[in-house]
Amino acid sequence: MHAMRCLALAALLWILACPSWAQEPISNLPRNQTLIVENPEGTIKNAGWFNIWAVNAGGQSTGLHQLAMDTFWYIDPQRGIDGVWMNSLASDKPIYNADFTEMTVKLRNGIFWSDGVEFTADDVVFTTELHMKTNGMRWSAPFQVNVASVSAPDKYTVVFKLKKPNSRFHALFTVRWNAVWMMPKHVFEKIADPLKFDFNKPVSLGAYVLHSYDPNGKWFIWQAREDWQRTTLGRYGAPGPKYVVYMDPGPPDKRVIAQLNHELDIIHDTSAEGMFTLAKQSKTSRGWFKGFPYAHPDPTLPAVIFNLQNDLFKHKRVRWALALLIDIKAVSMASYRGAATISAIAIPPTGTHTESYHAPLEAWLTDFELDTGKRKIRPYNPHIGKEIADMLRPSMGDQIPTSAEDIAKSFGRGWWNADPQAATELLQAASFTKRGNEWLTPDGKPFTVRIVVEGDLRPVMTRAGSMIAQQWRQFGIDAKTDVAQGTLVDRRAGGDFDTIISWSVETWGGHPDLSFFLDSWHSEFVSPPGKTQTPRNWQRWSSPALDKIIEQIRTVGFDDPKSLELGREFVKLAVQEMPIIPLMAYNVFTVMDETYWKGYPSAESDPYTDPVPNWGNSRVMMVKLKPTK
Amino acid sequence: MNAYATYALKRLLQFALVVFIGINLAYLITHATPIDPVEQTVSAATAFGNTSPEAIAMMRKSLREIYGLEGNLWNQYAIFWQRVLVGDFGPSLSAFPTPVSTLIGRALPWTVGLLSVSTILAFALGNLLGGLAGYFADSRLLKIAGLAVMAVHPIPYYIVAFVVLIAFGYVWPVLPISGGYRINITWGWNADFILSVVSHAILPVTSLVLVGIGGWFMGMRSLVSNVVTEDYVTYAELAGVSRGKILGAYVMRNALVPQVTGLAMSLGSIFNGAIITEQVFGYPGIGTLLISAVHAGDYSLVVGIASVSIVAVSTAVLFIDLVYPLLDPRVKVS
């Protein structure tokens, strides 16, 4: 017994003697010069692998693609550091010939790799040709599909000759999260098999170089280059943080604890509850919005996606009926605890889209008439965003904005009125019948709808799906959620769903062009039932009217105003046909701690970029952040 | 051939059969999963980027070739066994082309270290307390200890882990809550690194010991309660042998035999990993690797981890079977 007591006492003394272990998570780096960021990829299995051109071999958002990679252009999902469009390695915008079969790129000079070799057109030609002759690299296929030849007439000019007209070929080299990153020719030309080369230690084209990494994949440390002026960020000034750590802090609860202890400067994403805890308990933590709803609306649009190859959903009146049975306010509360930014149209309500699409189409939406089979109704309610704000005000007080503009930014504008009577008429017009409290399909079977959700891997979307299932069930439809967990990707691609809570709309955010997702919605890419569908037309929508819009977009330039007009035509068509029921932006609870750093992007004062730190675009934060101490 | 050699040979054959069947089951189950590693890779590669459908179809075809997923299941099965027989589980499909054995080799020492320390600590403390509680049945202190141990034992592990985490990571933040060592520390046999590893292991080990100690405690107390009623114990007491000697040499030593069997089984199963512990404490190890492999549909890696576990548990059982007749004369080899 004496030994036991001694042991317990010794353990207690030892713990008391070592409190500093918990306070200093990093060894040998000055905390006030170090930015600590969450890497949402978690623990990297293959930590020593930095060859980002080998698909899925190692980590990407370990800082590798944010801080060490570069390419021709960036489009910012918000306002940008000096505008949405950023010429990065290119000195100007892409130059196409008249029929879009040739693209010329003028390169910026004076840019150097971290080992002192100058970046030139030879690197671009090498990157392109290596992808063209090697199957299985990350961008092999798009190069092989598009490029006939590439040449470098001089050190700072590259000319791509294309196999067929492509007015959006430059998108391959334009960062929206990522893009084709340039390879160092002088390193890779000595490698026999580029798919089996780890590129460790990586030669960087960004403003940082690899300092060290955890062989177990928990953390990666990057150090500002001494010659940062010779990188494309150099023109914006010196990087603020000398060191940037990307780490896996663990599940959402631990991220919150780590930030409360000031051991994690940027949380990539946490739960709504985690965000509310930080807002309440930490004076130095802030989200994209200083107050409610805090989260950044990413240019991604969660929606109820129908499987349009399922006979039940072929009639647009059925799809509309299901849309009018949704009470979006309840979905907003269930999914994001009210912190959702809703959208009635198939465009994420974020970046410049609200000015390009949501505001200009408001009048059209208000006047939009839907024929239920018995009467015509105007289903759009432009006040739902305000109603959500009013609903939250009693509990959240001054945090809820009051001006119409701020409410629209935070909670979205309008949505469809929940209208069970109109839904009844629409279903009856589509030959559905009701027996007792149960709806039957035209062939007399119970109207059963399975809503596939991802489960605890994506709780926000899962809660939205559960609420929608409940609302449909209350109306007499046999609706249930079906939790897919890790099989979601396969089920979505295989069309193994009635409806699925996911997204098939992703946009640039800062640019109105919709080709980023819309081109893949052309009917030429729709797979037969049972076959794997290529991204992103998960709903397998085939429409001659849509094809016409897409084909017209292909013939006009990226910045051509006609492209925006065609985008609005798409929006109207999608409202009329309702192939997906748009719900809201994918709001990300990125939380930034201002204990050690200031200058984070924010909705109110300086929306210079999307704060979500796994985006390649987040590199600009490094030149805006300044130490507080 | 004597009886023991025959017995050992039979056990060895059983061992080989169990390992063969186990690895085959792991292969079949993983290949029956609806998660396709190629689709996972395509999804990861295109989740954010701008890629045309034509290009994605081409990427899908290339990945099937590179991952060796072309051809029928029988061909893949034959290649699998050719590799396994030389200890090679092929490349990981979610960290291609890194070999599965490299990934397991990197993660395994952390899991083995964590779980062997916590298993042995729980075994030692549980048996010691259980033995004392069984022998000194009237001690109030030991009754309280017994109550405490039994109160913690039925609580689900993840709750105990979270309580420990919040208590020592937030309320009284004296211990690190994540990782196996400090960020940017230099690896090596130096005091800084060793202390860092030890400090990071305290919370996960404590949580495992708190939950694990109860089983050993109750088993040992029950065994000792039976042993103390044996004639030879009564005889020793009547003969004036000291209580300490009776407890150590006569009671606990005899009661320990079935507990040692349990220990060997527990040590064998440490190769399964501690999935919840590693997730909650962000500790590096085989459990995190396994979860990640399952989500990615990386069946090469799942089969590799499962095989290590099958071999480890089977080896532990084989070891017990072979050693038992030598240690305990009451176990007869027929």
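Okay, so helices here are DSSP runs of H or I with at least four residues, strands are runs of E with at least two, and both are numbered from the N terminus. On that count, chain A has 21 helices and 29 strands.

Before I go on: this is a predicted model, where local features need pLDDT of at least 70, side-chain atom pairs count only at pLDDT 80 or more, and totals for chains, interfaces and linings use all residues. Residues are numbered from 1 along each chain as its sequence is written, and chains are lettered from A in the order in which they are written.

Now, the core. Of the 629 residues of chain A, 57% count as buried, meaning 20 or more other C-beta atoms, placed from the backbone, lie within 10 Å of a residue's own. The largest nonpolar core has 272 residues, and Val244(A), Val245(A) and Ile305(B) have the most contacts inside it. By nonpolar core I mean buried Ala, Val, Leu, Ile, Met, Phe, Trp, Tyr and Cys joined through C-beta atoms within 7 Å.

Take Val245(A). Leaving out residues up to four places away in sequence, Val245(A) touches, among others, Trp219(A), Ile221(A) and Ile183(B); a contact is two C-beta atoms, placed from the backbone, within 7 Å.

What about the two chains? 61 residues of chain A are in contact with 56 residues of chain B. Elements of chain A that each supply at least two residues to that side include β10 (219–224) and β11 (243–247). The largest share, 5 residues, comes from α5(A).

Notes: Buried ≥ 20, exposed ≤ 12 C-beta atoms within 10 Å, placed from the backbone.
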